[in-house]
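These notes are meant for a colleague who has not looked at this model before. Please read them with the structure open.

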Amino acid sequence: MSVFLRFDHWMRRTALPLWLGAGIEREGPFRGRFHERLGFDGVPDVRANRRTRVQARQLFVACTAAARQAHPEARDLASACLDQMIARHHAGAGRWLFSTDAQGRPAGAGPDLYDHAFVLFALGHGARVLGRADAMALAHQTQSYLDQAMASASGGWHESLPPALPRRQNPHMHLLEAYLALMAASAEGPDAPEHWRSLAARVIALMNTRLFDAGHGVLREFFEDDWRPRPPPEGDIIEPGHHFEWVWLLHQARAAGLDVDGAIAERLYDSALRHGCDDQGRVLDAINPACKVTDRGRRLWGQCEAVKAHLVRGQGDRAERTLAALMDSHLDTDVPGLWCDHFYEDGSCRDGFVPASSLYHLVMMWDEIGKAGQ
């Protein structure tokens, strides 16, 4: 059995049944609300706060499972999750809470761009897969809030309110992902995609002019208010996993008809491949601008993004190798369907629980594997 088929079986037979079973509240006033994390015994932590970003990511998971007919209740649970997210996490007028507590009360920090990016992403999938017109209306309302309250005169959007340093590329990357999802949803419905296309183009322009460091051939993570790179130590953090993630996103943007600088994607891929992976093809946590490894830990999400990037670049052998290493390490747990999210350099697991947030990366990879015909 190929490693791609092994992973498909793992997803369909263990991961989705577990996370759409024990991982979600299935009855009562919070039906459709996902748990933030499970223990390594598969039991949910019912006391943990529910972050908006996790609800949004899990909504995407359920929508994808429904679209691929991989779980009999996925569509119903996705719709219930969307209802819960709107009822519990929307603060009104397009602003979304950071989190709620176990009783559904607002908790945590103020408005966060990363959360809003994932809300937009989830609303795009809810509109396209579930046919929910209210999801698209909320997406427009959410974007209006970002433009009115969080737009930065230096470009992009402030990552939080009140604005705080450092500026970060990561929320902007996920905004591009969201705009591509909303373009796809708009193309299949009455809502025109041009609005989302123009926003996606703005993020790509920011990538070309500010986020990508042409001198070093790397993606910067942290910035000053005017998008100058932060000084060390923050400014020296380069994450190879995000290189791979941008390679995949730029490929999707080009496929959607956007103007993309292929040379940037080429340099990002080359840098991550040559300097950000170990001799087994596993993605390491961090290098510096000079492309020297500074953290040999391994996060699950980085492996998923590498597999996606390898596939869109026609590197099936590399994708297979990285996926095999992922399955034999991160996904090798006593309870099937769980994972170790983060390894130390010595191969020991850093985690005391299994974060729900990582399932989004696994499902994105699973979907890309399916599209690649693997």
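1. The chain holds 12 helices and 15 strands; helices (H or I, at least four residues) and strands (E, at least two) are DSSP runs, numbered from the N terminus. Its radius of gyration is 19 Å, close to the 21 Å that the globule rule gives for 374 residues, so the chain is as compact as a globular protein of that length. The radius is taken over C-alpha atoms, and the rule is 2.2 Å times the number of residues to the power 0.38. Along its principal axes the C-alpha trace spans about 55 × 50 × 35 Å.

2. This is a predicted model, in which local features need pLDDT of at least 70 and side-chain atom pairs count only at pLDDT 80 or more, while totals for chains, interfaces and linings use all residues. Residues are numbered from 1 along each chain as its sequence is written, and side-chain values use heavy atoms, with hydrogens and water left out.

3. Of the 374 residues, 60% are buried. Buried means under 20% relative accessible area, exposed over 50%, and partly exposed in between (1.4 Å probe, protein chains only). Among contacts (heavy atoms within 4.5 Å) between residues at least 6 apart in sequence, 66% join residues at least 24 apart.

4. Helix 5 covers residues 133-150. At 1.5 Å a residue, its 18 residues should span 26 Å, and the end C-alpha atoms are 25 Å apart, which agrees. The expected span is 1.5 Å times one less than the number of residues.

5. Which residues of helix 5 are buried? They are Ala135, Met136, Leu138, Ala139, Thr142, Gln143, Tyr145, Leu146 and Met150. An α-helix has 3.6 residues a turn, so residues three or four places apart point the same way. The elements that the buried residues of helix 5 pack against include helix 3 (74-89), helix 4 (113-130), helix 6 (170-187) and helix 7 (194-211).

6. Thr142, in helix 5, is buried, with a relative accessible area of 0%. Leaving aside residues up to four places away in sequence, Thr142 touches Gly94, Trp96, His116, Leu120 and Leu123.

7. Ile237 sits in the loop between strand 10 (222-223) and helix 8 (240-255). At 33% relative accessibility, Ile237 counts as partly exposed. Not counting residues up to four places away in sequence, Ile237 touches Glu221, Phe222 and Ile287. Ile237 and Asp191 are 46 residues apart in sequence and 40 Å apart in space, C-alpha to C-alpha.
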